[in-house]
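Try each task before you read its solution.

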Amino acid sequence: MPKSPQSHLDPRQPLVVDTTKLPRQPGATRALNRVVPAPADLGLEMISVPEGSDLTLDMSMTSVSEGVYISGTATGSLTGECGRCLNEIDKSFEVSIAELYAYADSTTEETTDEDEVGRMQGDLLDLEPAIRDAIVLMLPTNPLCRPDCPGLCPDCGVHFDDLPADHSHEEIDARWAALRNLSNNKE
């Protein structure tokens, strides 16, 4: 029994692709190149793709016997803060996308789990889940402004790059403080 689509796709949405011009003959290929606004919440707590920023899709759609195979890259920009020094991070990214979108009447309905393969709704497919998965999985959970970022001094909170090389804080154990005063009195 075919499963009914969980939600209706809107072809006006930027990440919804209409495949009507792609012949349903295995091997037929069409380019898919577009710049779309990034969806909301595309990232992690400390680093993400800013909502509405440009995502450049450089992909191809290929007809296969079970559906449409999408492959290519998505590029854009990331913003966030360094996990060591809290400086701003602003850099670009490129991530590879490779996803099969199965036709509604294909045998993948019977041979795969519902979340294993993307599903087409008529001639429409939604790239957002594949792009979201690819981008979020490549993001570091603890982003760094640069690989050798020294971070902040744990005692004074100043960035180590702004401190002299011999920077240190003298810590006196409160239990020995009275003895220190004794040695100072003998001088």
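**Exercise 1.** Does Asp-148 count as exposed or buried?

*Solution.* Start with the cut-offs: buried means under 20% relative accessible area, exposed over 50%, and partly exposed in between (1.4 Å probe, protein chains only). Asp-148 has 55% relative accessibility, so Asp-148 counts as exposed. Next, look at its partner. The side chains of Asp-148 and Arg-146 meet in a salt bridge, at 2.8 Å from N to O. A salt bridge here is a side-chain nitrogen of Lys or Arg within 4 Å of a carboxyl oxygen of Asp or Glu. Arg-146 is partly exposed, at 30%.

Before going on, note the ground rules. This is a predicted model, where local features need pLDDT of at least 70, side-chain atom pairs count only at pLDDT 80 or more, and totals for chains, interfaces and linings use all residues. Residues are numbered from 1 along each chain as its sequence is written, and side-chain values use heavy atoms, with hydrogens and water left out.

**Exercise 2.** Find which parts the salt bridge between Asp-123 and Arg-24 ties together.

*Solution.* First, the distance: the closest N and O atoms of Asp-123 and Arg-24 are 3.1 Å apart. Then locate each residue. Asp-123 lies in the loop between strand 8 (118–119) and strand 9 (124–126), and Arg-24 in the loop between strand 1 (16–18) and strand 2, so the pair ties together parts 99 residues apart in sequence. Strands (E, at least two residues) and helices (H or I, at least four) are DSSP runs, numbered from the N terminus.

Glu-128 and Arg-132 both lie in helix 2, four residues apart, about one turn of the helix. Their salt bridge spans 2.7 Å, N to O. In total, the whole structure has four salt bridges.

**Exercise 3.** Which members of the largest nonpolar core touch the most other members?

*Solution.* Such a core is a set of buried Ala, Val, Leu, Ile, Met, Phe, Trp, Tyr and Cys residues joined through side-chain atoms within 4.5 Å. The largest has 35 residues; Leu-55, Ile-70, Leu-127, Ile-131 and Ile-135 touch the most other members. Strand 7 gives the most to this core, with five residues.
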